[in-house]
Amino acid sequence: MVAMKRLYEVLDAPVEQDTPGAGEADLYKPIEFRHVAFGYDGQPVLSDVSFTVQPGQTVAILGATGSGKSTMMNLLQRLYDAKEGEILIGGRDIKTIEKKYLRSRVGYVLQEPFLYSRTIRENLAITDAHSDGFITQFKEGYDTMVGERGVTLSGGQKQRVAIARTLLRDNDILILDDSLSAVDTETDRAIRDALVEGRGNGSRVPTTFIISHRLTTLADADLILVLEDGKIAQQGTHEELIHQSGLYQKVYRIQAALEDELNSEIA
Ligand SMILES: Nc1ncnc2c1ncn2[C@@H]1O[C@H](COP(=O)(O)OP(=O)(O)O)[C@@H](O)[C@H]1O
Ligand SMILES: [Mg+2]
């Protein structure tokens, strides 16, 4: 009965409407947020968000919980539409781009990945996201069952399978919403290196959005956005932001101090 209720919740959900006349467009183009404002049920969440990113570049977003990071990524996939301002891809307002098409070209890895209770092979169908090492260690390798009837993967292992699954597709845009925090620093770097080399699908590097508070992840980005209460408080590169007083510099100093402490501890 519980399962039925859940099924009907899905089956009875109204079909999502698209903007009349919306169509397909090349999404491997510059992405621009122009004075974007948004709120859920009238509660303001984002205001005056503006930045531009070039195709293939990486944008990192730093901000406290509730500052609106995931909301920005929701807007980029048209899960909601901006209330004010606009999001342009290649100069075209995304409200004129078909939702279904847009989402088919955007790879999205969530903080809490969902894996099907099937084999790992079925969950991804083999790729290169630095998951091969741990998968081949299982007796059944890629045919290892995941979930209740199989092995319980650690948070980091699950995350790697989820990322691999996303990289298998040919994405124009890739969103890693706090997806790398469950893996160790080394794996984090390996995954990002694999992305840069375009090894995910043997082709071009998608325009990538990474939400993270890990300094090594942020520092490598082409553009860093510091989000505070729904506004972009600072934006720039690592070199620029460490010289400005603000959240980024604070995070930098804390994480650098921790590292120093750790190093002297080991020495
Ligand atoms: N679907 C939703 N409906 C109503 N409020 C939401 C919804 N999603 C997020 N919020 C609210 O919007 C604000 C920003 O949330 P979010 O974008 O998830 O922040 P972050 O990802 O930076 O933690 C928070 O106050 C959150 O409670
Ligand atoms: Mg979030």
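A polar contact is a pair of N or O atoms within 3.5 Å; inside protein, one atom must be able to donate a hydrogen and the other to accept it, and neighbours in sequence count only through two side-chain atoms. This is a predicted model, where local features need pLDDT of at least 70 and side-chain atom pairs pLDDT 80 or more, while totals for chains, interfaces and linings use all residues. Residues are numbered from 1 along each chain, chains are lettered from A and ligands numbered from 1 as written, and side-chain values use heavy atoms, without hydrogens or water.

**Exercise 1.** Find which atoms of K69, T71 and S67 lie by an oxygen atom of ligand 1.

*Solution.* Step one: take K69, where a polar side-chain atom sits 2.8 Å from a ligand 1 oxygen. Step two: in T71, a side-chain N or O atom is 2.4 Å from an oxygen of ligand 1. Step three: S67 uses a backbone N or O atom, 3.3 Å from a ligand oxygen. Alone, ligand 1 exposes 560 Å², and the protein buries 58% of that (areas by Shrake-Rupley, 1.4 Å probe; for residues, only the protein chains shown count as cover).

**Exercise 2.** Is L11 buried or exposed?

*Solution.* Step one: look up the cut-offs, with buried under 20% relative accessible area, exposed over 50% and partly exposed in between (1.4 Å probe, protein chains only). Step two: L11 has a relative accessible area of 60%, so L11 is exposed.
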